[in-house]
Protein chains: 2
Amino acid sequence: MNSTFSWNEGSLDAAIDQGAKGLSEGGVPVGSALEIAGVLVGLGHNRRVQDGDPIAHGEMSCIRNAGRQRSYRFATLYTTLAPCAMCAGTIVQFGIPRVVVGEDETFPGEIQFMRDRGVLVTVVDDPRCKNLMRAFQREYPDVWAEDIGES
Amino acid sequence: MNSTFSWNEGSLDAAIDQGAKGLSEGGVPVGSALEIAGVLVGLGHNRRVQDGDPIAHGEMSCIRNAGRQRSYRFATLYTTLAPCAMCAGTIVQFGIPRVVVGEDETFPGEIQFMRDRGVLVTVVDDPRCKNLMRAFQREYPDVWAEDIGES
């Protein structure tokens with residue numbers, strides 16, 4: 001069940017723009033945005049293909065781009081796709097309390113794990129996010145499998 | 001209880017050298033080494049302070065430095081300190097089946113979570129690893145708290 005908290009459509013749009021940018025670069029089309037106390041502090045998208053960096057999922061790039069933070073207590077992370085165990089573990093470890101997920105249909109991710117650890121998660125079920133992923137999964141199934149650690 | 005699998009003292013030593021390098025740079029002294037089928041393919045240490053990169057824990061830097069891998073099925077990750085939820089989640093997501101942990105006394109990490117997800121984990125309880133961390137935690141308590149997401 002979705003958690004109730006207020007979030008900004010504009011920040012989800014910014015995450016989707018990041019995902020589309022990734023797709024246009026030939027990369028995995030997952031984008032992310034980080035707000036702290038309602039202010040956008042970081043954007044990022046998956047860079048596995050572009051940088052040869054296996055840990056650069058959309059959420060990770062975004063958190064990296066936002067730089068060092070003393071606390072994530074007032075943070076909301078937006079991501080076009082359900083976070084995998086790496087990204088969910090990062091959210092839990094850094095104490096990011098709220099996550100807005102574009103969709104969890106093309107990849108289920110670790111939503112229950114985050115909720116079990118006290119994170120509030122809302123799944124928007126946005127068709128723009130699903131369209132990005134479906135196009136990529138169809139065209140580059142091997143890169144997608146590699147990105148989520150499936151041999 | 002520790003899992004039984006063979007591992008290389010030399011790779012743990014290499015991880016400890018990485019941790020010591022981090023300390024000498026004024027950074028968080030956690031080092032890591034990645035083997036695939038017994039061959040060392042990557043080394044890394046925490047780079048939060050050096051690069052201003054919050055996701056660059058020792059294990060993450062090491063996996064990044066090893067570059068894209070088609071599979072981690074035959075991998076063993078060595079780390080001087082018990083992996084946090086970010087690093088444990090990465091190990092689980094990428095299917096790294098074996099982890100050698102230098103120590104879990106100065107930070108307990110997410111060893112049970114990894115075991116629950118089928119990862120074989122051995123904790124060595126190496127005094128060199130504990131000495132690295134204790135020196136750092138004493139000298140830079142704020143950076144250490146930030147590194148593990150404690151406000």
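Me: In chain B, in what order do the five strands of the open sheet lie?
Reply: Start with the general idea. Strands of a sheet pair through backbone hydrogen bonds, either parallel or antiparallel. In this predicted model, the chain B order is β2-β1-β3-β4-β5, and the pairing is mixed.

Me: Which strands of chain B stand at the edges?
Reply: β2 (39-45) and β5 (120-123) of chain B do. Each has a single partner strand, so one side of each is left without a neighbour in the sheet. From one strand to the next, the twist averages 15 degrees.

Me: In what sense do β1 and β2 of chain B pair?
Reply: Strand β1 (residues 31-36) of chain B pairs with β2(B) in the antiparallel sense. There are six bridges between them. Look for E35(B): its opposite residue in β2(B) is L40(B).

Me: Which strands does α1(B) touch?
Reply: Helix α1(B) packs on the sheet and touches β1, β2, β3 (75-81) and β4 (98-103) of chain B. Its direction makes about 150 degrees with that of β1(B). Helix α6(B) also packs on the sheet, touching β3 and β4 of chain B. The direction of α6(B) makes about 60 degrees with that of β4(B).

Me: At what angle do α1 and α6 of chain B pack?
Reply: Helix α1 (residues 9-24) and helix α6 (residues 127-139) of chain B pack at about 15 degrees, with axes 10 Å apart. Angles under 35 degrees count as roughly parallel. These two helices are therefore roughly parallel to each other. The crossing is left-handed.

Me: Which residues make that contact?
Reply: From α1(B) come L12(B), D13(B), I16(B), G19(B), A20(B) and L23(B). From α6(B) come R128(B), C129(B), L132(B) and F136(B). By class, the contact has seven nonpolar, one polar and two charged residues.

Me: Now chain A. What is the strand order there?
Reply: An open sheet of five strands runs β2-β1-β3-β4-β5 in chain A, with mixed pairing. At the edges stand β2 (39-45) and β5 (120-123) of chain A, each with a single partner strand, so one side of each lacks a neighbour in the sheet. Strand β1 (residues 31-36) of chain A pairs with β2(A) in the antiparallel sense over six bridges. A33(A) has L43(A) as its bridge partner in β2(A).

Me: Which strands of chain A does helix α3 touch?
Reply: Helix α3 (residues 58-66) of chain A packs on the sheet and touches β1, β2 and β3 of chain A. Its direction makes about 130 degrees with that of β2(A).

Me: What does UniProt list for residues 6-121 of chain A?
Reply: The unreviewed UniProt entry lists "domain: CMP/dCMP-type deaminase" there. Over residues 6-121, chain A is 39% helix and 24% strand. The end C-alpha atoms of that stretch are 11 Å apart.

Definitions and conventions. Residues numbered from 1 in each chain as written. Chains lettered and ligands numbered in written order. Predicted model: local features only at pLDDT ≥ 70, side-chain atom pairs only at ≥ 80, totals over all residues. Heavy atoms only, no water. Axes fitted to C-alpha atoms, helices over the stretch in contact; angles between N-to-C directions. Helix = DSSP H or I, 4+ residues; strand = E, 2+ residues; numbered from the N terminus. Parallel < 35°, antiparallel > 145°, perpendicular 65-115°, else oblique. Left-handed = near helix turned anticlockwise from the far one by under 90°. Contact = heavy atoms within 4.5 Å. Nonpolar A, V, L, I, M, F, W, Y, C, P; charged D, E, K, R; others polar. Pairing = 2+ DSSP bridges. UniProt positions renumbered as here; feature names shortened; annotations may be inferred.
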